[in-house]
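Open your viewer and keep the selection panel at hand. We will go stop by stop, with something to select at each one.

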Amino acid sequence: MGFPHWLPVEAVSRAVEAEFGRGCAAHQQGRLGEAETAYRRVLAQLPGHAGALRNLGVLARQIGHAGPALELFDAALGWSPVDAALHG
């Protein structure tokens, strides 16, 4: 999901947030592969997207990958240390 280099930052930001929303919807509906793909697309464009890192960590934990889940949660905390969802 690369974005053309000529797109304004605002357009890229909207596209990234739309992709994150698609990932969240897929995740909530149990379509974990689709959710993972969406979260990884977000992170390819915005590596510090704490929501995508956090949700990818939740997904990893759901499928039994505790180690990667903790790494993703730690990365999310590094980008958003005040995110209450990461402290629960």
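Start with the whole chain, coloured by accessibility: buried residues (under 20% relative accessible area with a 1.4 Å probe, protein chains only; exposed means over 50%, and partly exposed lies in between) make up 35% of the 88 residues in the protein. This is a predicted model, in which local features need pLDDT of at least 70 and side-chain atom pairs count only at pLDDT 80 or more, while totals for chains, interfaces and linings use all residues. Residues are numbered from 1 along each chain as its sequence is written, and side-chain values use heavy atoms, with hydrogens and water left out.

Now switch to cartoon view. You will find four helices and zero strands, running α-α-α-α from the N terminus on. Helices (H or I, at least four residues) and strands (E, at least two) are DSSP runs, numbered from the N terminus.

**Helix 2 and helix 3**

Next, select residues 32-45, which are helix 2, and residues 50-62, which are helix 3. How far apart are the axes of helix 2 and helix 3? They lie 9 Å apart, and the two helices pack at an angle of about 150 degrees. That makes helix 2 roughly antiparallel to helix 3, a label for angles over 145 degrees. Axes here are lines fitted to C-alpha atoms over the stretch in contact, with angles from 0 to 180 degrees between N-to-C directions.

Show side chains where the pair meets: L32, A35, E36, Y39, R40, V42 and L43 in helix 2 are in contact (heavy atoms within 4.5 Å) with A52, L53, N55, L56, L59 and Q62 in helix 3.

**Helix 4**

Move on to residues 66-79.

Which residues of helix 4 are buried? Select A69, L72, F73 and A76. Turn the view around, and the face away from the buried side shows the exposed residues L70, E71, D74 and G78.

**Last stop: W79**

Finally, pick W79, also in helix 4. Is W79 buried or exposed? With a relative accessible area of 57%, W79 is exposed. Leaving aside neighbours within four places in sequence, W79 is in contact with P47, G48, A50 and L53. Draw a C-alpha to C-alpha distance from W79 to P47: the two are 32 residues apart in sequence and 9.4 Å apart in space.

Key
Parallel < 35°, antiparallel > 145°, perpendicular 65-115°, else oblique.
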